[in-house]
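Have it open while you read, and check the points off as you go.

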Amino acid sequence: MTRREAFIALNMLPEIGPGRVRLLMECFPELQECLGAPLEELRRVPRLGEACARVLHQWEEHCDLERELRQARQAGVALVAWEDPSYPPQLREIPDPPVCLYVRGDLLALQQSANSLAMVGTRLATAYGSRMARRLATQAVRNGWTVVSGLARGVDTICHQATLEAGGRTIAVLGNGLDSVYPVENLELARRIAASGGALVSEFPLGSRPDRHHFPMRNRIISGLSRGTLVVEASLQSGSLITAAQATEQGRIVFAVPGLADSPAARGCHALLKDGARLVEEFSDVQEEFTLLPGLRDSAFQREERRRQEELREAEVPLPPLEYRLWELLGEEERPLDLLVAESGERVSAVLAALLNLEIRQMARQLPGKRVRRVPGRRGVPQAEAPSRPP
């Protein structure tokens, strides 16, 4: 067994968390030697405890390492151990970093996640919360940030979707094994995240089911992967407040979006603001917190990313009459396809053909549920008519 395999096996064992792994690393320079060591030797490890000593002594009764490695390979899941180069440096800095990460998608999303922002919120997002989540996630992408969230219903889902629609990279941290997706309705969204340069991440072994005890553990990874945590909308009972508290414990900045004073969905954010969270109305409020000195210019990476996104936003795409009319009808919000057909006054076949051309031009995107929306950052203009030829 290699040292790396020892980390993976320890991550699979009950009662053995990051703290106890550190104890074992201090007592066993060759970490793999702790697995199956004599029981008496394990009992002498300070603060390990009898139960953990027995688990380690009989570790093969609690996990099948070869089977886990084989299933991960077959599922296209990468295993990133604590000491691997791919392990995110900022996550290693938190008090209890995961011993092992399961990753589906692009490992570069983890290696290049230093400019990441966690965006979380209620599962029961209001129209206002949905609008703010979509807008702020889009702005984050335009400023070169990776968006980290938890793939939960509501605000998390909206942030992931808006990031993908804006052409950005997003990381989803799950509270279950990567051989399943929870909630199940986000299966297609999870596939898109993994296929578009982002990643699905979990510390839980394959086969682990969603469990209410898993989600607070998952939340510390969301905040730990990020430079700051933005709570978009949350009630006083929202799990997002746990993520915000963990961000504070990790020394990360907490941001919150204000809501309506009489809305229960805003009370969690207002409580955070009273406790010192930074108020966010636009993404520039987040950016300013990470500027070292007033007026200091951003990094070359951020400047280049902003320039590229600005060029994309300002690019004018000439559109034929029907495509331009449909693009104008779409506005900034999702529209039902049947309503779009009715408002256009055109045949269904003509509208579908024009929408296909808009998708090819990256001006619109058809969504599940027969809904359509513009691609953010693109601007349509009427196509100039060809000059008539002289007689």
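**Notes on the model**

1. Let me begin with a loop. E15 sits in the loop between α1 and α2 (18-27); helices here are DSSP runs of H or I of at least four residues, strands are runs of E of at least two, and both are numbered from the N terminus. E15 is not a glycine, yet its phi is positive, about 75°. E15 is also exposed, at a relative accessible area of 51% (exposed is over 50%, buried under 20%, partly exposed in between, with a 1.4 Å probe and protein chains only).

2. Some housekeeping before going on. This is a predicted model, with local features needing pLDDT of at least 70 and side-chain atom pairs counting only at pLDDT 80 or more, while totals for chains, interfaces and linings use all residues. Residues are numbered from 1 along each chain as its sequence is written, and side-chain values use heavy atoms, leaving out hydrogens and water.

3. Most residues other than glycine have a negative phi, and most peptide bonds are trans. R47 has a positive phi of about 65° although it is not a glycine; it is found in the loop between α3 (39-43) and α4 (50-57) and is exposed, with a relative accessible area of 65%. The peptide bond from Y182 to P183 is cis, with omega near 0°, and P183 belongs to the loop between β5 (170-173) and α10 (187-195).

4. Now the helix pair α1 (residues 3-12) and α5 (residues 65-75). Their axes come within 10 Å and cross at roughly 100° (axes are lines fitted to C-alpha atoms, for helices over the stretch in contact, and angles run from 0 to 180 degrees between N-to-C directions). That makes α1 roughly perpendicular to α5, a label for angles of 65 to 115 degrees; under 35 counts as roughly parallel, over 145 as roughly antiparallel and the rest as oblique. E5, I8, A9 and M12 in α1 meet L65, E68 and L69 in α5, contact being heavy atoms within 4.5 Å. The residues of this contact divide into five nonpolar, no polar and two charged (nonpolar: Ala, Val, Leu, Ile, Met, Phe, Trp, Tyr, Cys and Pro; charged: Asp, Glu, Lys and Arg; polar: the others, Gly among them).

5. Which residues have the most contacts inside the largest nonpolar core? They are L10, L13, L35 and L56, in a core of 76 residues; such a core is a set of buried Ala, Val, Leu, Ile, Met, Phe, Trp, Tyr and Cys residues joined through side-chain atoms within 4.5 Å. α1 gives the most to this core, with six residues. L35 touches M1, A6, A9, L10, L13, L56 and W59, leaving aside residues up to four places away in sequence. Another core, of 22 residues, lies apart from it and includes L117, W145, A162 and L230.

6. On to the nine-stranded sheet. It is open and mixed, in the order β1-β2-β6-β5-β4-β3-β7-β8-β9, where two strands pair if DSSP finds at least two bridges between them. β1 (78-81) and β9 (278-279) stand at the edges with a single partner strand each, so one side of each is left without a neighbour in the sheet. Strands β3 (residues 116-120) and β4 (residues 146-149) run parallel, joined by three bridges, and A118 has V148 as its bridge partner in β4. From β4, T146 and V148 point one way and V147 and S149 the other, and all are buried.

7. What packs around that sheet? α1 lies across β1 and β2 (100-105), at about 95° to β1. α12 touches β3, β7 and β8, and its direction makes about 155° with that of β7. In helix α13 (residues 267-274), G268, C269, H270 and L272 are buried, and the buried residues of α13 pack against β7 (228-231), α12 (240-249) and β8 (253-256). G276 follows α13 and has a positive phi, near 110°.

8. Three strands form an open antiparallel sheet in the order β11-β13-β12. β11 (335-336) and β12 (364-367) are the edge strands, each with a single partner, so one side of each has no neighbour in the sheet. Two bridges join β11 to β13 (residues 371-374), with R335 standing opposite V372 in β13.
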